[in-house]
Amino acid sequence: MPTAFRELQNEVAALKAELQALKAPPQKESALLLKPAAEYLGIAEQTLYNGASSRKIPSHKIGRRLYFFKSELDSFIRSNGKRYTKGGVSK
């Protein structure tokens, strides 16, 4: 019986550790400036700037600088981009 109790304690401790890991706050995402964001997307800086200025591409402005988050750029591409499929292009 004591062996079974120790095994149960170890399993409970392992489960607690896994739950704590799940509750850990997500890592903060660092912002990209214009040039790295344009490189990430594979487009010209001017194209990205124009899209951000017209509020078509998500950006954040602090002072005179524009900042972009990869997660927002990825979401923008998924929701606004065209998909190329075997049957042709779809939106």
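Ala, Val, Leu, Ile, Met, Phe, Trp, Tyr, Cys and Pro count here as nonpolar, Asp, Glu, Lys and Arg as charged, and the others, Gly among them, as polar. The legends below describe a predicted model.

**View 1. Lining of the largest pocket by class.** The lining residues divide into five nonpolar, three polar and four charged. They are L33, L34, K35, Y49, A52, S53, S59, H60, K61, R64, R65 and L66. The space in this largest pocket comes to about 260 Å³.

**View 2. Elements around the largest pocket.** Two or more lining residues come from each of α2, α3 (45–53), β1 (60–62) and β2 (65–67). Helix α3 gives the largest share of the lining, three residues. Among the residues that line the pocket are Y49, A52 and S53.

**View 3. Helix α2 against helix α3.** The two helices pack at an angle of about 105°. Their axes lie 9 Å apart. Angles of 65 to 115 degrees count as roughly perpendicular, so α2 and α3 are roughly perpendicular to each other. On the α2 side, L34, K35, A37, A38 and L41 make the contact.

**View 4. Helix α2 against helix α4.** Helix α2 spans residues 34–41, and helix α4 spans residues 70–80. Their packing angle is about 40°, with the axes 11 Å apart. The pair is therefore oblique. The crossing of α2 past α4 is right-handed. From α2, the contact uses A37, Y40 and L41. From α4, the contact uses K70, L73, D74 and I77. Five of these contact residues are nonpolar, two are charged and none is polar.

Definitions and conventions: Residues numbered from 1 in each chain as written. Predicted model: local features only at pLDDT ≥ 70, side-chain atom pairs only at ≥ 80, totals over all residues. Heavy atoms only, no water. Axes fitted to C-alpha atoms, helices over the stretch in contact; angles between N-to-C directions. Helix = DSSP H or I, 4+ residues; strand = E, 2+ residues; numbered from the N terminus. Parallel < 35°, antiparallel > 145°, perpendicular 65-115°, else oblique. Left-handed = near helix turned anticlockwise from the far one by under 90°. Contact = heavy atoms within 4.5 Å. 1 Å grid on protein atoms, 1.4 Å probe; cavity = no way out; pocket = protein on both sides within 12 Å on 5 of 7 lines; lining within 4 Å. Points joined across faces, edges and corners; volume = space filled by probe spheres on them.
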